[in-house]
Amino acid sequence: MCEPVHKKFEVVRLVAIRKDVLAQLGKSQVVNLPKLWRTESDRAHQLFRSAQRIYCRSFPEEERESGRVVHGYINDEVAGENHPDSFNYLVAMKAGRVVGMSSFDVLTSGEIPLTFWGYVATAESVRRTGVATELVSAMVAESEAHCASVGSALRSFFLEVEKPDFSSDEMRNVARPAFHHTRSKAGAMIVVDHSGKPHLVYYAQPGMEQTASGRTASRVELLPVVSLVEAGVQVPFDIEPNTVIQSGRLVRLEGLPRLSTETALGIVKTIMGSYGETYDFAAKQIAAILRSVEKSLDRSRNGSVYVVPILDTRTLEFER
Ligand SMILES: CC(C)(COP(=O)(O)OP(=O)(O)OC[C@H]1O[C@@H](n2cnc3c(N)ncnc32)[C@H](O)[C@@H]1OP(=O)(O)O)[C@@H](O)C(=O)NCCC(=O)NCCS
């Protein structure tokens, strides 16, 4: 789906010239591709190709799904084979130009109705002008509408995010955590044990490939990141990063959004259920991941899971 390298530079230069103009054009227009595909498939296909170019430039290859796979999700959604859950692919446009994308699944058939947010990416030339924030608002609205249409209430958004490390990777260590903190209102899940020590809730994405001999690829450890929704509104998140955990020690808890360990387990079960449906060969890994999640939730001294700024988790280890 990615453009060959020589073409990539042409596109970047063209968009860059228009940066100031694009930034001043006000709000983007956001369309949900599977819906558009039903009525205007040619146009939808064109927008998809442009959006996939932004997606390919924004994520390293190991974090991406192939264009063919994503196209398959859209086809299933258009054909109504994804009921009652829903795959969405939002495209943001300014002045007729595609400037951003976001994809997510609204999962209503699992234990806790939630949105499993896969990706958000904006064209480099329009970053820091609010386009991704507009995509978040559109995602909330689409998710609420879908849940309402099947008679359930949206409870949370769930994301898999790489834990910040101490490398110079600016996107991993600064931009993504800051964006999720300020705009997605999302943070990582931690529990506090009886001695007051904070622990990350263990989470892994099951290996999604299988070799000819039947071996499943290793699971990937990622941060479980959640944004809570109460009465149709995302729970505000007013805690400054680097104020909760310092050098692996807990400094404060008050004012953090929190959920019960039962709800946190229900959320992870819903996510694992969606992996299980798609990658049935990963069943063993999924069972092992759920056991590890349960073990880590059992550490909680008060039955609570706290939502903390992603940046605060840098010094915490993954523990199974
Ligand atoms: C992360 C990303 C989606 C943000 O898109 P965006 O269009 O710049 O986001 P918005 O303009 O709506 O929001 C900007 C806010 O996010 C935070 N932010 C975004 N980039 C930042 C950066 N480089 N440094 C610090 N904060 C940053 C800030 O809080 C910022 O608000 P401000 O501009 O008022 O300071 C974009 O950088 C991107 O596409 N990155 C590559 C793909 C990716 O990592 N996606 C996220 C993981 S799924």
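The points below go through the ligand site, the backbone, the core and a few single residues of this predicted model.

1. Ground rules. The model is predicted, so local features need pLDDT of at least 70 and side-chain atom pairs count only at pLDDT 80 or more, while totals for chains, interfaces and linings use all residues. Residues are numbered from 1 along each chain as its sequence is written, and side-chain values use heavy atoms, with hydrogens and water left out.

2. The residues around the ligand. There are 22 residues around the ligand, and Arg128, Gly130, Thr133, Arg176 and Arg183 come nearest. A residue is near a molecule if one of its heavy atoms lies within 4 Å of it. By class, this shell has ten nonpolar, seven polar and five charged residues. Here Ala, Val, Leu, Ile, Met, Phe, Trp, Tyr, Cys and Pro count as nonpolar, Asp, Glu, Lys and Arg as charged, and the others, Gly among them, as polar.

3. Val120 places a backbone N or O atom 2.8 Å from a nitrogen atom of the ligand. In Arg127, an N or O atom of the side chain is 3.2 Å from an oxygen atom of the ligand. Thr129 has a backbone N or O atom 3.3 Å from an oxygen atom of the ligand. The ligand taken alone exposes 920 Å², and the protein buries 83% of that. These areas come from the Shrake-Rupley method with a 1.4 Å probe; for residues, only the protein chains shown count as cover.

4. Which elements give two or more residues to the shell around the ligand? They are strand 4 (114–122), helix 6 (131–149) and helix 7 (170–184). Helices (H or I, at least four residues) and strands (E, at least two) are DSSP runs, numbered from the N terminus. Helix 7 gives the most to the shell, with ten residues. Domain 1 (5–150) and domain 2 (158–313) each supply at least three residues of the shell; the domain bounds come from an automatic or database domain assignment.

5. Arg183. This residue, one of those that come nearest to the ligand, lies in helix 7. Its relative accessibility is 41%, so Arg183 counts as partly exposed. The cut-offs are under 20% relative accessible area for buried and over 50% for exposed, with partly exposed in between (1.4 Å probe, protein chains only). Arg183 and Ser50 are 133 residues apart in sequence and 24 Å apart in space, C-alpha to C-alpha.

6. The nonpolar core. A nonpolar core is a set of buried Ala, Val, Leu, Ile, Met, Phe, Trp, Tyr and Cys residues joined through side-chain atoms within 4.5 Å. The largest one has 61 residues, of which Leu33, Tyr89, Val91 and Trp117 touch the most other members. Helix 6 gives the most to this core, with eight residues. Why does this core lie between domain 1 and domain 2? Both domains give residues to the core, so it lies between them.

7. Backbone points to check by eye. His83 and Pro84 are joined by a cis peptide bond, with omega about 5 degrees. Pro84 is in the loop between helix 5 (67–78) and strand 2 (86–94). Asn242 is not a glycine, yet its phi is positive, near 65 degrees. Asn242 sits in the loop between strand 11 (233–234) and strand 12 (245–246) and is partly exposed at 36% relative accessible area. Ser247, also not a glycine, has a positive phi of about 50 degrees. Ser247 is in the loop between strand 12 and strand 13 (249–250) and counts as exposed, at 67% relative accessibility.

8. Leu222 and Leu316 are 94 residues apart in sequence and 12 Å apart in space, C-alpha to C-alpha.

9. Ser28. This residue is in the loop between helix 2 (19–23) and strand 1 (29–32) and counts as buried, at 12% relative accessibility. The C-alpha atoms of Ser28 and Leu297 are separated by 41 Å, and the two residues are 269 residues apart along the chain.

Notes: Polar contact = N/O pair within 3.5 Å; in protein donor to acceptor, adjacent residues only side chain to side chain.
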